[in-house]
Amino acid sequence: LIHMVESGGGPMQAGRSLTLSCAVSGDISGRDCMGWYRQAPGKEREAVAAMDGDGRTTYAGSVKGRFVISRDYYRDILYLQMNRLKPEDTAMYYCVTWGKLTAIQALDSVPNSWGQGTQVAVSS
């Protein structure tokens, strides 16, 4: 089993930055692909960013150039740096894993494990 706990969410003004963290424990490998999903009210969950075992990263078109995914392998923490936030970024953000998939494959695949989520609310 993999246990993931997200933190760092909250209210933020548009144009500013916010960093989400995901503490990972359990049956996880540094070779596993990990990333973030989000779900806004009334919308389906969508993949936001992924980082695979080779360090490759992929981003949804809506966040590319603004969000940065990174991983601290020593501390077992996954991060999502969200810059130049927009109101449309408002959503529940989930830390997820895709097993041995590549970052490219991950964004089009259903994650294997999910965290409980952390709420992000961006006001204009």
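Arg-84 counts as partly exposed because its relative accessibility is 47%. The term covers the range between buried (under 20% relative accessible area) and exposed (over 50%), with a 1.4 Å probe and protein chains only. Arg-84 sits in the loop between β8 and β9. Its phi is near 45°, a positive value in a residue other than glycine. The model is predicted: local features need pLDDT of at least 70, side-chain atom pairs count only at pLDDT 80 or more, and totals for chains, interfaces and linings use all residues. Residues are numbered from 1 along each chain as its sequence is written, and side-chain values use heavy atoms, with hydrogens and water left out.

Asp-76 also has a positive phi without being glycine, here near 60°. Asp-76 belongs to the loop between β7 and β8. Strands such as these are DSSP runs (E, at least two residues), numbered from the N terminus; helices are H or I runs of at least four. With 36% relative accessibility, Asp-76 counts as partly exposed.

β7 and strand β8 (residues 77-82) run antiparallel and are joined by six bridges. Ile-69 has Leu-80 in β8 as its bridge partner. Two strands pair if DSSP finds at least two bridges between them. The open sheet has four strands, in the order β1-β3-β8-β7, with antiparallel pairing. β1 (2-7) and β7 (67-72) are the edges; each has a single partner strand, so one side of each lacks a neighbour in the sheet. On average, neighbouring strands of this sheet are turned by 20° against each other, direction ignored. The axes behind that angle are lines fitted to C-alpha atoms, for helices over the stretch in contact, and angles run from 0 to 180 degrees between N-to-C directions.

Next comes the disulfide. A disulfide is a covalent bond between the sulfur atoms of two cysteines. The criterion here is a pair of cysteine sulfur atoms within 2.5 Å. Across the whole structure, the search finds one. Cys-22 is joined to Cys-95, with an S to S distance of 2.2 Å. The link spans distant parts of the chain: Cys-22 is in strand β3 (residues 18-26), Cys-95 is in strand β9 (residues 91-99), and they are 73 residues apart. The torsion about the S-S bond of Cys-22 and Cys-95 is about -85°, so the disulfide is left-handed. Both Cys-22 and Cys-95 are buried. What of Cys-33 and its nearest cysteine sulfur? Cys-33 is in no disulfide, and the nearest cysteine sulfur, that of Cys-95, is 11 Å away. Cys-33 counts as buried, at 0% relative accessibility.

Rings of Phe, Tyr and Trp (its six-membered ring) pair if their centres lie within 6.5 Å; planes under 30 degrees apart count as stacked, over 60 as edge-to-face and the rest as tilted. The count comes to three aromatic pairs. One of them is tilted: Tyr-37 and Trp-98 have ring centres 5.9 Å apart and planes at 45°. Tyr-37 lies in strand β4 (residues 33-39) and Trp-98 in strand β9, so this pair ties together parts 61 residues apart in sequence. Tyr-37 is buried at 9% relative accessibility, and Trp-98 is buried with a relative accessible area of 2%.

Tyr-94 and Trp-114 form an edge-to-face pair, with ring centres 5.8 Å apart and planes at 80°. Tyr-94 is in strand β9 and Trp-114 in strand β10 (residues 113-114), so the parts tied together are 20 residues apart in sequence. Tyr-94 is buried at 11% relative accessibility, whereas Trp-114 is partly exposed, with a relative accessible area of 30%. Tyr-37, Tyr-94, Trp-98 and Trp-114 make up one aromatic cluster.

The largest has 25 residues; Leu-20, Trp-36, Val-48, Phe-67, Leu-80, Met-82 and Tyr-93 touch the most other members. β3, β4, β5 (46-51), β7, β8, β9 and β11 (118-123) each give two or more residues to this core. β3 provides the largest share, four residues.

Terms used
Core = buried A, V, L, I, M, F, W, Y, C linked by side-chain atoms within 4.5 Å.
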